[in-house]
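This briefing is for a reader meeting the structure for the first time.

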Amino acid sequence: MTARKNDLEDADLTVAGADPSLYNEDLAPLPASKRTWGWFAIFNVWSNDIQSLAGYTLAASLFITAGINGWFVFAAILLSGFIIKILVDLSGRPSVKYGFPFPVLARASMGVRGAQFPAIVRAVVAIFWYGAQTYFASTAISLALNAILGRPGGVEFLGMDWVSWLSYVLASGMQVLLFLGGIERIAHFLNIAGPAVYVVMIALLVAIWVQVGAELPQAVGSVFSRDEVTGWAAFSAFAGVTGTMVAYFAAVVINFGDFARNVRTERAMRFGNLTGLPLSLALFTFLSVFITAGAYLLYQDGQGEPLTNPADIVGLVDSVPLTVLAAVTFLVATLGINVVANFIPPSYSLSNINPAKISFRTAGMITAAAGFVIGALWVAVISTIGLPKFVDTLGAVLAPLYGIIIADYYFVRKQRLNLHDLYSTSHVGAYYFTSGWNRRALVAFTLAAVFSVLAVWLPQVAQLSGFAWILGAALGGLFHWLAMRTFAVHTSDADR
C-alpha cells in the first residue's frame, strides 16, 4: 500500500517538457520514494548550524555588548529560537509538498527568470558567510598546530602568519571533500558531529565548574552586565539580541526548502525544527555562556574583556592533548554549519542561473573559490565592522526576500502552485510575468531592503536595529501582497 502511494506521489511530481534553462536533476522535484530524512536529520541540520565557533562567538559577544542582565540575554536568545522555528516551518512546507529547492519556489513570486535575483543575493550572502566560517574553522586547526609546534609565529600577511594560512587552506580543502561526498555523506557527518560537540562542551564546562565553584551561576548574571541599562533602553537591548540572533539564521531561514525537500513528512520537519531550534539553541547558549563566564573567572581573574572565541579560551589551558581534542571538536562543529548553511544553498542558487551548464557540483566549486577569497580577508578587513553588525547587515538584505516569498505562497497563491509552469518559459505560463520577471516583486524588495539596511547602519533609527530583520520581512511581504492585489493570478487544473 505504501509503495503504491509513493508511486502516485512520484507521478504527481513528474515534470514533462521542462525548459532546459530552468531544469536539471538537482532542481527537479524530489519524489517521495527518494526522500530519506526524518526528524533527526533536521535536528542535526540545526544543531550543526548552531554549534560553530562563529555561533559561540556571536552568543558570547551579545552577552558582553547588550548591557542587560545575562539571564535576560539568555531569554532573548531562546525567544529567537521559537521565532526561527515558526519562520522555517513556513518556508519548508512548500518544499516538503512539492520536493523542489528554494530557487524553484522563488520563481512563483519573482518569475521564472526573476528568481535568479533572490538566488544570486542568497548565494552572495552565503559566500560571505562561507568565507567567514572557513576562517573560524581554520582557527581551530591553528590552535592545535600552535599547541604542538610551540607557537612558531613568523611574518604575517593579511593579519595571519604561516600557521594560520596553512590552517586556512586545510579547512577549505576539508570542506570541499565533504561537499563532494554528496548529501547523504553530509547527513551522516552531521549525525555524528552534532552529538559529539555537545559531549566535549559539557566535559569542558564540568572541568571549569569544578574549579570555579558555586559562584559560576551568579557570574553569568553579573559578569556580562557591568553597564546594565534599564527602562526602554533595556527593552531595546532585549529586542536587539533577539533580532540579531534571528538575522544570524536568516540565510538558512530563507532557503530552508533546500533541506526540507529531503524530509519524508511535514510532521517530521516540524518536530525536527522544534528539537533542533529552541531546545538545541537553549542548550548550546547555556554551555557557551557558562564556559565563557567560568573561563573569565578562572583564567582571566575577572579582568579585562571576557574571551568570546572558545579557541582562545582553550588556548589558555596548559594541556596539549586537551587543546588538540577541543580543536578537533570545534573544527567538526564549524565544518558542519558551513557545508549545511553556506555551501549547499549557493550551489543550488548558482545552478539555477543556468541549469544546463552549471551543475550542483560546479556551483559548489565556484562557491568554494569565492568564499576562499572572502575568508582570507576576514582578519584584515571584514572583522573590523564587528560580528553582530556583519550578521545584522547580511540578514537585512535577505529579510525582504523571505517576506515576499512567504506572502506570495500563502496569501497570493493560497498554497497552490502549478508545478509544470515553474519549469516553463511559455509566455502564457503562470510565472512568466514580463519576460520572466515580476517587476512588482522587485519594487517590493527594493523598498523593504532600503529600510532594513538603513535600520542597521543609520544612528537616527538605531532603536529599530533590533527589529531590522523582522520589519524588513514584514514590509517585503506587505508591499508584495499590495502590489499583487491588482494582478490576475493564473490558476489551472494543474495547480495543486
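Helix H2 covers residues 39-50, and at 1.5 Å a residue its 12 residues should span 16 Å; the end C-alpha atoms are 17 Å apart, which agrees. The expected span is 1.5 Å times one less than the number of residues in the helix. The model is a predicted one: local features need pLDDT of at least 70, side-chain atom pairs count only at pLDDT 80 or more, and totals for chains, interfaces and linings use all residues. Residues are numbered from 1 along each chain as its sequence is written, and side-chain values use heavy atoms, with hydrogens and water left out.

**Helix H2**

- Of the 12 residues in H2, 10 are buried, so the helix is mostly covered (buried means under 20% relative accessible area, exposed over 50%, and partly exposed in between, with a 1.4 Å probe and protein chains only).
- The buried residues of H2 include Ile42, Trp46 and Ile50.

**The whole protein**

- The protein has 19 helices and zero strands (both are DSSP runs numbered from the N terminus: H or I of at least four residues for helices, E of at least two for strands).
- The protein has 496 residues, and 57% of them count as buried.
- Among contacts with a separation of 6 or more, 84% are between residues 24 or more positions apart (contact means heavy atoms within 4.5 Å).

**Nonpolar cores**

- The largest nonpolar core has 133 residues, and those touching the most other members are Trp46, Phe100, Phe249, Phe256, Leu417, Leu422 and Trp469 (a core is a set of buried Ala, Val, Leu, Ile, Met, Phe, Trp, Tyr and Cys residues joined through side-chain atoms within 4.5 Å).
- Helix H15 gives the most to this core, with 13 residues.
- A second, separate core has six residues, among them Phe136, Met160, Trp165 and Ala376.
- Leaving aside neighbours within four places in sequence, Phe256 is in contact with Ile42, Trp46, Val88, Ser91, Gly92, Met269 and Asn273.

- Ala327 is buried, with a relative accessible area of 2%, whereas Val320 is partly exposed at 40%.
- Once neighbours within four places in sequence are set aside, Ala327 is in contact with Ala140, Leu143 and Ala144.
- Ala327 and Ala144 are 183 residues apart in sequence, but their C-alpha atoms are 5.8 Å apart in space.

**Salt bridges**

- Side chains of opposite charge can pair when their charged atoms come close.
- The count of salt bridges comes to five (a salt bridge is a side-chain nitrogen of Lys or Arg within 4 Å of a carboxyl oxygen of Asp or Glu).
- Lys85 pairs with Asp89 in a salt bridge, with the closest N and O atoms 2.5 Å apart. Both lie in helix H4 (residues 70-98), and because they are four residues apart, about one helical turn separates them.
- Lys85 is buried at 14% relative accessible area, and Asp89 is buried at 6%.
- Glu266 and Arg270 form a salt bridge whose closest N and O atoms are 3.0 Å apart. These two are four residues apart in helix H13 (residues 266-299), so they are separated by about one helical turn.
- Glu266 is partly exposed at 26%, and Arg270 is partly exposed at 30%.
- A network of salt bridges links Lys85, Asp89, Arg93, Glu266 and Arg270.
- Asp408 and Arg413 meet through their side chains in a salt bridge of 3.2 Å, N to O, and both residues are buried.

**A nonpolar patch on the surface**

- Ile148, Leu149, Trp162, Leu166, Leu170, Met174 and Val320 form a nonpolar surface patch with about 640 Å² of accessible area together.
- Helix H6 (116-149) and helix H7 (162-180) are the elements that give two or more residues to the nonpolar patch.
- H7 gives the most to the patch, with four residues.
- Patches are made of residues with over 30% relative accessible area and no salt bridge; like charges are joined within 9 Å, and nonpolar side chains (Val, Leu, Ile, Met, Phe, Trp, Tyr) within 5 Å.

Key. Areas by Shrake-Rupley, 256 points an atom, 1.4 Å probe, with all protein chains shown as cover.
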